[in-house]
Amino acid sequence: MDDQYIFGGFFALLFGFVLLLILRRESKRNVGSMRIGRKGGCNESSEPGGGLTAEAGGEADIIIVGAGVAGAALAYTLAKEGRQVHVIERDLTEPDRIVGELLQPGGYLKLIELGLEDCDGDDIDAQRVFGYALYKDGRNAMLSYPLDKFHSHVSGRSFHNGRFIQKMREKASTLSNVSLEQGTVTSLIKEEGTVKGVRYKNKNGQEMSAYAPLTIVCDGCFSNLRRSLCTPKVESPSCFVGLVLENCELPFANHGRVVLGDPSPILFYPISSTEIRCLVDIPEQKVPSIANGEMANYLKTVVAPQLHDSFNAAIDKGNIRTMPNRSMPAIPHPTPGALLMGDAFNMRHPLTGGGMTVALSDIVVLRDLLKPINNLHDATTLSKYLESFYTLRKPVASTINTLAGALYKVFCASPDQARQEMRQACFDYLSLGGIFSNGPVSLLSGLNPRPLSLVLHFFAVAVYGVGRLLLPFPSPKRIWLGAKLLSGASGIILPIIKTEGVRQMFFPATVPAYYRAPPRTLSKIKYLIFPK
């Protein structure tokens with residue numbers, strides 16, 4: 001009988017010990033569930049300011065703030081690499097914007113590289129674009145993309161921005177390791193200088209906290225988080241006024257149209273099989289009011305005489321919208337655990353349609369940087385690679401940024417005679433065809449984003465303008481005007497290059513962070529700077 005009690009007591013003791021281990025492990029798991037993931041319930045924690053904040057449960061490697069072009073494409077790309085991705089987007093309904101509707105061929109190639117090329121197909125009525133027709137004073141110049149060395153399906157694409165974004169969101173959502181949630185991120189969670197996650201309000205208004213070893217902020221041009229991660233120097237040189245021309249054909253099929261109007265350029269490009277987008281650039285200080293009819297009057301009296309009748313019909317329809325054109329150089333504050341991307345980080349004038357190309361190129365760079373890192377909780381390695389991101393993106397991003405800023409200033413009308421000569425010289429230079437048009441257009445299209453090529457072509461335009469002035473017989477007045485033209489050209493492009501960073505743009509290999517990247521990524525960047 002005693003043996004039975006001893007055996008029973010031993011069995012009970014063993015059972016209790018196993019149960020205690022299970023309970024301790026479960027307790028640790030509940031503490032660890034503070035890191036946000038794709039699925040799970042929520043816990044509650046005390047916030048420093050008092051009260052309770054819910055914490056989503058589960059595991060996540062990366063939090064992405066924003067699901068626009070950059071955020072949606074990034075979510076799909078990183079999830080394909082096996083990362084658990086949690087996306088928090090303020091509004092998951094289809095956006096309705098008048099910009100972000102033209103994807104250059106260089107951006108389309110990046111879209112292919114990311115496996116997202118089917119997002120801008122026939123089901124969103126996307127249109128193929130093969131170049132531009134440039135108009136000035138009754139003359140025109142055809143500027144076709146140099147696509148001879150690419151497959152026949154490679155071209156630019158134009159579409160409704162909202163439809164494109166929704167397709168990318170849908171594709172990202174098909175991956176089981178992507179969670180797409182509607183919510184408004186209010187702040188970053190920092191501990192000892194390292195970003196650990198975000199605080200946000202979900203669609204029900206509940207305060208939530210989400211945690212991950214890497215938080216990527218790409219919440220657009222009106223970002224409320226960028227001040228924590230960069231020095232924002234936002235400028236608004238002008239405003240786009242957008243209209244839609246229906247059942248109207250452009251003179252050259254599958255080509256955009258750029259009118260060098262007065263006071264600034266006017267753009268046309270198809271956004272569906274029956275719609276043409278018109279964007280009228282108006283200097284910021286002169287933007288008339290839509291509400292009191294000043295805008296409609298301005299468009300009819302100042303802009304319409306430079307265009308065709310269908311423009312007046314679009315004005316009468318009344319759907320006039322505006323969007324400020326913003327530019328902001330990338331001046332990051334490298335912060336452990338966080339990264340800025342998209343328009344939240346870097347903007348340029350949308351005249352050249354380069355924003356999406358820069359964003360998609362940045363995503364390719366980041367994907368390649370993160371490939372060797374199996375454990376994102378390795379904060380030291382992660383910080384080194386993230387710091388190199390800001391250097392590795394520079395050659396492509398700076399080329400497109402500089403071209404956009406410089407071309408906008410050249411294309412705008414000016415009372416200054418030297419600026420007028422520069423504008424005419426640019427039109428005539430592009431009209432020459434051959435390398436004189438293919439070179440600049442390959443830069444604009446993102447097919448050849450090389451900083452040195454940009455500078456050479458820009459000053460070639462200036463020298464060409466001086467040559468026009470001095471031939472057949474130079475005069476003191478013409479020599480002086482030529483000197484002013486060269487000085488004005490330098491005054492346009494050199495400040496932009498200085499802002500972008502001469503060292504990072506032309507000599508990234510001299511930046512220590514450059515060598516922290518994987519060899520595969522370095523080889524791509526070297527090709528852009530030193531082509532064979």
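Student: In which sense do S5 and strand S9 pair?

Tutor: This is a predicted model, in which local features need pLDDT of at least 70, side-chain atom pairs count only at pLDDT 80 or more, and totals for chains, interfaces and linings use all residues. Residues are numbered from 1 along each chain as its sequence is written, and side-chain values use heavy atoms, with hydrogens and water left out. Strands (E, at least two residues) and helices (H or I, at least four) are DSSP runs numbered from the N terminus, and two strands pair if DSSP finds at least two bridges between them. S5 and S9 (residues 156-158) are joined by two bridges, and their sense is antiparallel.

Student: What is the order of the open sheet of three strands?

Tutor: The edge strands, S5 (102-103) and S6 (127-129), each pair on one side only. With antiparallel pairing, the order is S5-S9-S6.

Student: Which residue in S9 stands opposite Leu 103?

Tutor: Strand S9 covers residues 156-158. Opposite Leu 103 stands Arg 157.

Student: Is Glu 192 buried or exposed?

Tutor: Glu 192 lies in the loop between strand S10 (178-191) and strand S11 (194-202). Its phi is positive, about 55 degrees, although Glu 192 is not a glycine. Buried means under 20% relative accessible area, exposed over 50%, and partly exposed in between (1.4 Å probe, protein chains only). Because its relative accessibility is 85%, Glu 192 counts as exposed.

Student: What is omega for the cis peptide bond between Leu 471 and Pro 472?

Tutor: Most peptide bonds are trans. Pro 472 is in the loop between helix H12 (451-470) and helix H13 (476-500). For the cis bond joining Leu 471 and Pro 472, omega is about 5 degrees.
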